[in-house]
Amino acid sequence: MLTVNRYKCGYCGACVGVCPAAALELVETWIEVNEDCVGCGRCTKICPLGALELVKEAEAKT
Amino acid sequence: MKCDLVVVGAGPAGSMTAKAAAEAGLDVVMLEKRQEIGDPVRCAEGVSKAALKKLVEPDPVWISAEVKGARIRAPDGTEMVMSEDRAGAEVGYVLERKVFDRALAQKAAEAGAKVMVKTRALGLLHEKGVPSGISAAFVGESLKIEAPLIIGADGVESKVGRWAGIDTALKPKDIETCAQFLLQDDEIDDEYCEFYLGNDIAPGGYVWSFPKGHSLANVGIGVLGSKADSGMPIRLLREFVKKNFPEGKVLEMMVGGVPVSGPIETTVADGVILVGDAARQSDPITGGGIINAMRAGVMAGEIAADLVPKGELDKKSLQVYEKRWRETIGKSISRNFAVKEFFVDLTDDDLNRLTHSLDGVDVAELDLKGLLKVLLRQNPKLLLKLRHLIV
């Protein structure tokens, strides 16, 4: 699943622009990820600050 | 709430749309999801002086600096200087977007548009299957705004188009991922914009330094999405600054994505028009988007004022907007997209060779298009693929 490091995120919305599933939204300083995320990883590659990461479900919960 | 036109987004595209439509008599509501218009900035802030003057009277309160020209530096350090008015659309003023964007919104308000900040569009309302307004959250409270026409000026992260069935998702090769510092350094040249090329410096993009006056500059980087990996822009920018401005002090950090997709297939749907970055109208070579956004906004606002009273707002009727922008700003966007597609794959040797080929040519007498022409003449083999674009 997709995780957002909110301490790194510069809330620029570039990730929202490349999301093929329209699963991301930028609200002020907050990136929202909804259940439509397909885990394609496009957003993680283009994030200028490296704030987005795809992690395995089990790791994300810990 | 009811009105003639809802504009989503209060950047330069949205404010110019709202202003033009309100001046022509429409009842306009402009929504901005942020609580402050113009902040945070996601822009290098350069605009052509002449192009801007055609759209708005320049005001010193939102001009940080005026620049004489541009310097382009090849990977091996060879420099090429272009003078003011001839370096393409991005040399002239360096703006203070935080003030500029709000000033344009103020003009829209003065023209009669209602402006609502901290108001986020959540989706389209529909009546008989046709968009009939926007559902929104106004400071977290639900709000419905009924209008026969919705204009999406909601930037790189645009949702309005997607809600209307227009696929605006950018492929990695169609976005520049950017980072920028507002840098203080006595070494900064207050009179010239600088562009640094090279596959190690900025893969598929460039590094820029746009002076803001008093030894300040926006020093930033754009990396083509398809050549980027996670966090690359900020990493390469730090390396560049360490090497070129070792004493530089970072007063502000900015990030953003710039569409470089060229014209997308459609920018209208039933009851919906897209303008500015939402319509992917930024220039694929320079990444500049302000002027195109403002011009598209004026076109959309005027067309809205004409068609809303007639009730002609289906996709077919809105083709008049499609046609108008493609025949004006669309032409250079198309050409520059093709040029960009070619340039992003050049090696550093190619870039050096191109710059060296201008030795002895008076580059100060050229604009961007003229520069390409000379490059083509000096390098017919290397640039063979561009021949048909530059006549």
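In chain B, helix α6 (residues 290-307) and helix α7 (residues 319-327) have axes that come within 10 Å and cross at roughly 155°. That makes α6(B) roughly antiparallel to α7(B), a term for angles over 145 degrees, while angles under 35 count as roughly parallel, 65 to 115 as roughly perpendicular and the rest as oblique. This is a predicted model, in which local features need pLDDT of at least 70 and side-chain atom pairs count only at pLDDT 80 or more, whereas totals for chains, interfaces and linings use all residues. Residues are numbered from 1 along each chain as its sequence is written, chains are lettered from A and ligands numbered from 1 in the order in which they are written, and side-chain values use heavy atoms, with hydrogens and water left out.

Helices (H or I, at least four residues) and strands (E, at least two) are DSSP runs numbered from the N terminus. Their axes are lines fitted to C-alpha atoms, for helices over the stretch in contact, and angles run from 0 to 180 degrees between N-to-C directions. The crossing of α6(B) and α7(B) is right-handed, meaning that the near helix is turned clockwise from the far one by less than a right angle. On the α6(B) side, B:Ala296, B:Met299, B:Ala300, B:Glu302, B:Ile303 and B:Leu307 meet B:Val320, B:Tyr321, B:Arg324 and B:Trp325 of α7(B), where contact means heavy atoms within 4.5 Å. Eight of these residues are nonpolar, none is polar and two are charged; Ala, Val, Leu, Ile, Met, Phe, Trp, Tyr, Cys and Pro count as nonpolar, Asp, Glu, Lys and Arg as charged, and the others, Gly among them, as polar.

Helix α6(B) also packs with helix α1 (residues 12-23) of chain B, at an angle of about 30° and with the axes 7 Å apart. The two helices are therefore roughly parallel to each other, and α1(B) passes α6(B) in a right-handed crossing. This contact comprises 11 nonpolar, three polar and one charged residue.

Helix α7(B) has a further partner in α8(B): their axes come within 3 Å and cross at roughly 60°. That makes α7(B) oblique to α8(B). Here B:Trp325, B:Arg326 and B:Glu327 of α7(B) meet B:Ile329, B:Gly330, B:Lys331 and B:Ile333 of α8(B).

Helix α8 (329-343) of chain B is in turn one of the elements against which the buried residues of α10(B) pack, along with β6 (79-83) and α9 (348-356). Those buried residues of helix α10 (residues 368-378) are B:Gly370, B:Leu371, B:Leu372, B:Val374, B:Leu375 and B:Leu376. Buried means under 20% relative accessible area, exposed over 50% and partly exposed in between (1.4 Å probe, protein chains only).

Attention now turns to the nonpolar cores. A nonpolar core is a set of buried Ala, Val, Leu, Ile, Met, Phe, Trp, Tyr and Cys residues joined through side-chain atoms within 4.5 Å. In the largest, of 42 residues, A:Leu24, A:Ile31, B:Val219, B:Ile221 and B:Val241 touch the most other members. Elements giving two or more residues to this core include β2 (24-27) of chain A and β16 (216-224) of chain B, and α5(B) gives the most, with six. Apart from this core lies another, of 35 residues, among them B:Ala113, B:Ala296, B:Ile303 and B:Val308.

Finally, B:Lys159 lies in the loop between β12 (149-152) and α4 (160-163) of chain B. B:Lys159 is buried, with a relative accessible area of 10%. Not counting residues up to four places away in sequence, B:Lys159 touches A:Val16, A:Ala22, A:Leu24, A:Glu25 and B:Asp154.
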